[in-house]
Amino acid sequence: MFFKGSASDSVRQSGGMEKKKHLQGKAYRRFFEGYTEFAVPKENGKGDKILRIYTAEYYRCKLGDRQFFLLKLFYVCLYLVMLICFVTAATEPLQSNSVWYVVLPQTCCVFFFGWLFLGLMKYLFAQRNMTVYGYRTSTQNVKRAAMGLGFSLAWLSLTNACFVALHIRYILVREIFCIMRFLVGTGAAVLLYFTECRVVYQKMPNPQGNTACAEEENCYYVGK
């Protein structure tokens with residue numbers, strides 16, 4: 001975060017703007033990144049309250065509305081493919097699903113499935129003009145979670161293949177079908193990741209950015 005003027009000057013010149021003791025935590029700065037904050041007197045005249053206005057540039061997908069909707073629908077379908085493949089294979093009553101070196105990557109997959117779900121929810125309901133925080137928690141989280149899930153599913157496929165190799169003397173048709181489902185899930189995760197990497201987001205000017213800080217001493221910008 002950087003101040004428009006020093007912290008002490010801002011407090012004196014704004015006539016009572018309190019120096020914020022949270023100054024500001026990393027989570028606070030990430031959530032409100034791109035906002036300009038003002039100290040505004042409360043209605044009852046007792047102290048000030050903070051007014052926040054988004055003044056940074058917006059992020060906007062260059063796809064049209066219909067294409068953007070279809071892209072979201074495509075991601076949901078890929079997620080369902082990954083989830084169905086994983087759940088049906090991981091819950092099979094097979095010996096491989098009870099050994100530690102297979103259960104470990106399964107646990108990692110569960111984590112990344114949860115992360116990807118949260119990212120997709122943000123992505124599905126994000127406005128066309130996204131704030132810095134909205135952009136980071138939607139498209140950026142979708143890419144990171146999809147990459148992590150792809151690696152985890154690939155790791156899971158490898159550990160299942162190792163189990164089959166160690167028990168090759170038995171007929172393990174169901175184990176092989178499990179591996180195939182994990183590989184399909186891996187392919188879906190990789191496809192989602194590279195598709196989102198190809199989507200272009202442009203920065204859009206924000207009309208509020210030029211007018212919000214007419215008086216420097218009364219406001220400050222929340223940065224990284």
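Visitor: Left-handed or right-handed: what is the crossing of helix 3 and helix 6?

Guide: Left-handed. Bear in mind that this is a predicted model.

Visitor: How do the axes of helix 3 and helix 6 cross?

Guide: They cross at roughly 155°, and the axes come within 8 Å. Helix 6 spans residues 173-198.

Visitor: What makes helix 3 and helix 6 antiparallel to each other?

Guide: The cut-off for roughly antiparallel is an angle over 145 degrees. Their crossing is at roughly 155°, so helix 3 and helix 6 count as roughly antiparallel.

Visitor: Which residues make the contact?

Guide: On the helix 3 side, L71, F74, Y75, L78, V81, M82, C85, F86, T88, A89 and A90 take part. Helix 6 brings C178, R181, F182, V184, G185, A188, A189, L191, L192, T195 and E196. By class, that contact of helix 3 with helix 6 divides into 17 nonpolar, 3 polar and 2 charged residues.

Visitor: At what angle do helix 3 and helix 4 pack?

Guide: About 160°, with the axes 11 Å apart. Here helix 3 covers residues 65-90 and helix 4 covers residues 100-125. An angle over 145 degrees counts as roughly antiparallel, so helix 3 is roughly antiparallel to helix 4. The crossing of helix 3 and helix 4 is left-handed. From helix 3, the residues in this contact include F68, L71, K72 and Y75, and from helix 4 they include Q106, C109, V110 and F113. The tally for the contact of helix 3 with helix 4 is 17 nonpolar, 1 polar and 1 charged.

Visitor: Which residues is T139 in contact with, leaving aside neighbours within four places in sequence?

Guide: Y123, E196 and Y201. The C-alpha atoms of T139 and Y123 are separated by 6.3 Å, and the two residues are 16 apart along the chain.

Visitor: How do you know what R52 counts as?

Guide: Under 20% would be buried and over 50% exposed, with partly exposed in between. R52 sits at 32% relative accessibility, so partly exposed is the label. R52 lies in strand 2, residues 48-54. From C-alpha to C-alpha, R52 and G34 are 9.8 Å apart, and they are 18 residues apart in sequence.

Visitor: And the whole chain: how many helices and strands does it have?

Guide: 7 helices and 6 strands. Starting at the N terminus, the elements run α-α-β-β-β-α-α-β-α-α-β-α-β.

Visitor: What percentage of the 224 residues count as buried?

Guide: 42%. As for contacts between residues at least 6 apart in sequence, 73% join residues at least 24 apart.

Notes:
Residues numbered from 1 in each chain as written. Predicted model: local features only at pLDDT ≥ 70, side-chain atom pairs only at ≥ 80, totals over all residues. Heavy atoms only, no water. Axes fitted to C-alpha atoms, helices over the stretch in contact; angles between N-to-C directions. Helix = DSSP H or I, 4+ residues; strand = E, 2+ residues; numbered from the N terminus. Parallel < 35°, antiparallel > 145°, perpendicular 65-115°, else oblique. Left-handed = near helix turned anticlockwise from the far one by under 90°. Contact = heavy atoms within 4.5 Å. Nonpolar A, V, L, I, M, F, W, Y, C, P; charged D, E, K, R; others polar. Buried < 20%, exposed > 50% of the residue type's maximum accessible area, 1.4 Å probe, protein only.
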